[in-house]
Amino acid sequence: MNEASPKRGQRFSGHLRLWTTVAAAVVFLVPFILFFYAVELDFGLRRVLLLCALPCVAAGIAGALAIGSYAQNYLERVTAQMQKALALAQYRERERDLAQDELVRRLQEERELTRQKMQFDLQLSAYEKYAALAQLALGAAHEINNPLLGILSHLELALKSETDAEAREEIEQCIAGAKRISATLSGLINYARPGPLLLSKINLDRLVDETFNFLRHQPMFRGIELRKQIAPGLPAVSADANQLSQVLMNLLLNAAEATAAGGNITISAEKVKFAETIEVRVADTGCGIPADILPHVLEPFFTTKRGRGTGLGLSISHAYVRSHGGEIHVDSIPGSGTTVRFTLPIRQQGATVSEEAEVVA
Ligand SMILES: Nc1ncnc2c1ncn2[C@@H]1O[C@H](COP(=O)(O)OP(=O)(O)O)[C@@H](O)[C@H]1O
Ligand SMILES: [Mg+2]
């Protein structure tokens, strides 16, 4: 049904009235005319007949008009009902469209939720993998570290009593190797169990200065400019000073290893808008990290520095930042440089903080 239907109904009822009138006229007039001419009547009788016939014709036409207008009323009622039904159908159609839209929206939402759930599941299984690895590493590290410390003290005793230069050199090499193993194991233990946080209020500006002063004279920082951009009025953060300075050291060492002389490394820190969080960035102008390597740099033991690196610097930093309730992200453009960003809550929930404003670096 469409908009033209009521008009068509009215036109139809007009036609109906016309045709019923014509039919009534034909029904009354034709037999009369036939009778009038076919039957031989004298003039007087014809006149009487004519006089009788005229009211009959008028009554017929009036009857036809009455039937026509009744039919018209009926049609108008039907048309009104049809219009109502049409409006109802249109309303139902609109409701159905709305319901369809809602259904599509719900389906999209559900698909998005399923995608997020899959992502969380993947993340969870990665964390579970790391947790299992960390437990394993912790056990192995303790098992290895204890006899290693015994070996180390024996080697140091042997070095003291040894006079032969060649033998001394060999013992020194053994001691250096054992110390390297011990350092790696300590890193592992730190990664697996960062330990309770010893919180104090830390002035980041001073911590960065101290870290720069400590590292500036190391050979790998030669020719590299160290820059500091700490937002004025940055609030002190409640954090474990040792862990925080170790994070900064690890990031600075990585940056220096990737940056050639003439490049620069910038540490910047500012408060995150509308959050009680501070974001620290360590940006370098070094070689950058290829896109296929980038997703793995936070994994423990992942290193591209064969024989030199332990692959624990970033993963331990990650563990430390997470134990403060922060997050760490690595962005890099190969050939242009790398930026490691990490966040730190200004206050630690439910923790007691020593009130000293001094940095315990
Ligand atoms: N600033 C950086 N520039 C380039 N590559 C980096 C940088 N920081 C980290 N990486 C990459 O991430 C890897 C893992 O770093 P890390 O966990 O500190 O271990 P390691 O330094 O012992 O290799 C490095 O081997 C290196 O490939
Ligand atoms: Mg490193």
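## Shell around ligand 1

In this predicted model, helix 5 contributes the largest share of the shell around ligand 1, namely 3 residues. Helix 5 (241–258) and helix 6 (313–323) each supply at least two residues of that shell. In total, 18 residues surround ligand 1, and the closest of them are Asn254, Thr303, Thr304, Lys305 and Leu314. By residue class, the shell divides into 7 nonpolar, 9 polar and 2 charged residues.

A nitrogen atom of ligand 1 lies 2.8 Å from an N or O atom in the side chain of Asp284, while an oxygen atom of ligand 1 is placed 2.8 Å from a polar backbone atom of Gly311. For Gly313, a polar backbone atom is 3.4 Å from an oxygen atom of the ligand. Of the 530 Å² of accessible area that ligand 1 has on its own, the protein covers 93%.

## The pocket that holds the ligand

Ligand 1 sits in the largest pocket, in which there is about 1,000 Å³ of space. This pocket is lined by 39 residues, and those closest to its centre are Asn254, Glu257, Lys305, Gly313 and Leu314. Two or more lining residues come from each of helix 3 (165–192), helix 5, strand 5 (277–284), helix 6 and strand 7 (337–345).

Helix 5 gives the most to the lining of the largest pocket, with 8 residues, and it is also the element with the largest share of the ligand shell. The lining of the pocket is made up of 18 nonpolar, 16 polar and 5 charged residues.

Methods:
Residues are numbered from 1 along each chain as its sequence is written. Chains are lettered from A and ligands numbered from 1 in the order in which they are written. This is a predicted model: local features need pLDDT of at least 70, side-chain atom pairs count only at pLDDT 80 or more; totals for chains, interfaces and linings use all residues. Side-chain values use heavy atoms; hydrogens and water are left out. A residue is near a molecule or strand if one of its heavy atoms lies within 4 Å of it. A polar contact is a pair of N or O atoms within 3.5 Å; within protein, one must be able to donate a hydrogen and the other to accept it, and residues adjacent in sequence count only if both atoms are side-chain atoms. Accessible areas come from the Shrake-Rupley method with a 1.4 Å probe; for residues, only the protein chains shown count as cover. On a 1 Å grid over the protein atoms alone, a cavity is a set of points where a 1.4 Å probe fits but cannot get out, and a pocket is an open set with protein on both sides within 12 Å along at least five of seven lines; lining residues have an atom within 4 Å of a point. A molecule sits in a cavity or pocket if more than half of its atoms lie within 2 Å of its grid points. Helices (H or I, at least four residues) and strands (E, at least two) are DSSP runs, numbered from the N terminus. Ala, Val, Leu, Ile, Met, Phe, Trp, Tyr, Cys and Pro count as nonpolar, Asp, Glu, Lys and Arg as charged, and the others, Gly among them, as polar. Grid points are joined across faces, edges and corners, and a volume is the space filled by probe spheres set on the points.
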